[in-house]
Amino acid sequence: MGSRAALFVLVLLLCYGLAIAVSFVEDEDWRREKEGGEEDWRREREERERGREREETEEEEETEDWFLLQDSKDVVKTNAGEMRVVRRLGGRILDRPMHIGFITMEPKSLFIPQYLDSSLILFIRRGEAKIGYIYKDALAERRLKTGDVYRIPAGSAFYLVNTGEGQRLHIICSIDTSESLGLRTFQSFFIGGGSYPTSVLAGFDRETLSHAFNVSYSQLREILSRQREGPIVYVEDSRSPSVWAKFLQMKQQDRLQQLKKMVPDDFQEEPVHRQEELTWSWRKLLNSMLGKETKRSDDKGTGKSPDSYNLYDRRPDFSNNYGWSVALDESDYDPLKHSGIGVYLVNLTAGAMMAPHVNPTATEYGIVLRGSGTIQVVYPNGTSAMNAKITEGDVFWVPKYFPFCQIASRTGPFEFFGFTTSARKNRPQFLVGASSVLQTMLGPELATAFGVDEERLREVVDAQQEAVILPSTWAAPPDDRKKMFARMPSIIKSFRNDMIMGFD
């Protein structure tokens, strides 16, 4: 009995010792595994943090750039002028596709006849121009000056001539791509042309073309192969003689004879009908270019086409000591009714602010014409979407519903022009100022929403006596206050007075 008890105790001792040994080994292994795991976890955490920092940096940079349109492309560039297009961003947040174009033409230059798959609204930024386009089967020619707005429908043939004596022509235009083919930014169909650009007439086979014009193909080939100077050419400059210049330098009778060879009187054109019953004909456009006066009694003449509308001649819709603003809609200028696009112009004195506001019906595109300032845009969740400095030539956009404001630099006036994606009255809702939403809704409900009593809220809301355009503010920085813009986005090249814009 005693030996059995001793054996049992011995077995217990052995089991206990073995358990301790195994536990020690497991503890050592666990310790080493734990240390290695902690090291791996630490490395993984650091990598995650670095990745998160990179993502936040990239997201922040993307956020800063998002409302500044930087995708700029040269679509035309010749010795006589250029056109540059700033393309819109994609995405569901945009309610209408639109690009912004900048055209610069040298004195005595011509943007040769063409038609587009997109409608244009032209704003003459500086200079004088003659525009000719086919309106209701007749040629309409208009003289345009600085400040004029004019619309060219998609599919309507047109040309532009810089008529300013010794002055460059600067044009800003909206490019509405809602009717476009979607092949590229927009598609030009050139009527005139040779090897560069190529006329659309050149695409027909020679027998068809000869029969249509009722002349020999050798006569047509001379006309359709000589132009190689590009879409913008000089018309009276001996340095750059072109087929158009040679035609225009002929005496009128010689031009008429040349025209008769190309376009006989019995030529029957086939019109292309559009929504507005706008049609265009090759013959009438060529008649205009070569100086032939039409004698048909049913021609409408230039007097029946829509007039231009000058923004600078219009009385401001709002004005005070700190600036003024003009908004052009379909009730002011009938052609906007067909395009569904509005136009606006704002001028702020040094340091003034366009009060925080919301556009409830339209996305806004803006181009800085003069001076510098800042634009602030706010996300729906009440965080800053952008706070960036903008200068002459920069292009920005603000989606409808997004709160935003513009602030002029204290160094001088700030002027910007732009387009909205609705031709109806926009009726912006101002969030601050004497005519603000807060003023209109002031009451116990609004006070409760802010968590203060009504009297305290009224003290704050009533403190600003001005409306729409507010006085100079500390938020308007001079140029040397760079600390307010720790990291400025890279913006498109400015549209300077001496800068030539320009197509490919």
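Start with a cysteine. Cys405 is buried, at 6% relative accessible area. Buried means under 20% relative accessible area, exposed means over 50%, and partly exposed is in between, using a 1.4 Å probe and protein chains only. Cys173 is buried as well, at 0%.

Some ground rules. This is a predicted model, where local features need pLDDT of at least 70, side-chain atom pairs count only at pLDDT 80 or more, and totals for chains, interfaces and linings use all residues. Residues are numbered from 1 along each chain as its sequence is written, and side-chain values use heavy atoms, with hydrogens and water left out.

Now the sheets. Helices (H or I, at least four residues) and strands (E, at least two) are DSSP runs, numbered from the N terminus. Two strands pair if DSSP finds at least two bridges between them. Strands of a sheet pair through backbone hydrogen bonds, either parallel or antiparallel.

The loop between strand 2 and strand 3 holds Arg88. Arg88 is partly exposed, at 29%. Its C-alpha atom is separated by 8.8 Å from that of Trp397, yet Arg88 and Trp397 are 309 residues apart along the chain. Trp397 also belongs to an aromatic cluster, together with Phe67, Tyr379 and Phe402.

Next, strand 19, residues 372-378. It is mostly covered, with five of its seven residues buried. What does strand 19 join by seven bridges? Strand 20 (residues 384-391), running antiparallel. The two form a hairpin with five residues between them. In that turn, Gly382 has a positive phi of about 80°. Strand 19 also has five bridges to strand 22 (residues 404-408), again antiparallel. Ile375 shows both pairings. Its bridge partner in strand 20 is Ala388, and its bridge partner in strand 22 is Gln406.

On to the core. A nonpolar core is a set of buried Ala, Val, Leu, Ile, Met, Phe, Trp, Tyr and Cys residues joined through side-chain atoms within 4.5 Å. The largest one has 84 residues. Which members touch the most other members? Met83, Ile100, Phe417 and Phe419. Take Phe417. Leaving out residues up to four places away in sequence, Phe417 touches Phe123, Ile172, Leu311, Val343, Tyr344, Leu345, Tyr365, Gly366, Ile367 and Leu369. Contact there means heavy atoms within 4.5 Å. Another core lies apart from the largest one. That other core has 12 residues, among them Ile134, Leu139, Tyr159 and Val233.

Last topic, aromatic pairs. A pair of aromatic rings is described by the distance of the centres and the angle of the planes. Rings of Phe, Tyr and Trp (its six-membered ring) pair if their centres lie within 6.5 Å; planes under 30 degrees apart count as stacked, over 60 as edge-to-face and the rest as tilted. The whole structure gives 13 such pairs. Tyr115 and Phe189 are stacked, because their centres are 4.9 Å apart and their planes are at 5°. Tyr115 is in strand 4 (residues 109-116) and Phe189 in strand 11 (residues 188-190), so the pair ties together parts 74 residues apart in sequence. Tyr115 is buried, at 17%, while Phe189 is partly exposed, at 24%.

Compare Tyr344 and Phe416. Their centres are 6.4 Å apart and their planes at 75°, so this pair is edge-to-face. Tyr344 sits in strand 16 (residues 342-348) and Phe416 in strand 23 (residues 414-420), 72 residues apart. Tyr344 is buried at 7%, and Phe416 is buried at 1%.

One more stop in strand 4: Gln114. Gln114 is buried, at 1%. Its side chain makes a polar contact with the side chain of Ser188, at 3.1 Å. A polar contact is a pair of N or O atoms within 3.5 Å; within protein, one must be able to donate a hydrogen and the other to accept it, and residues adjacent in sequence count only if both atoms are side-chain atoms.
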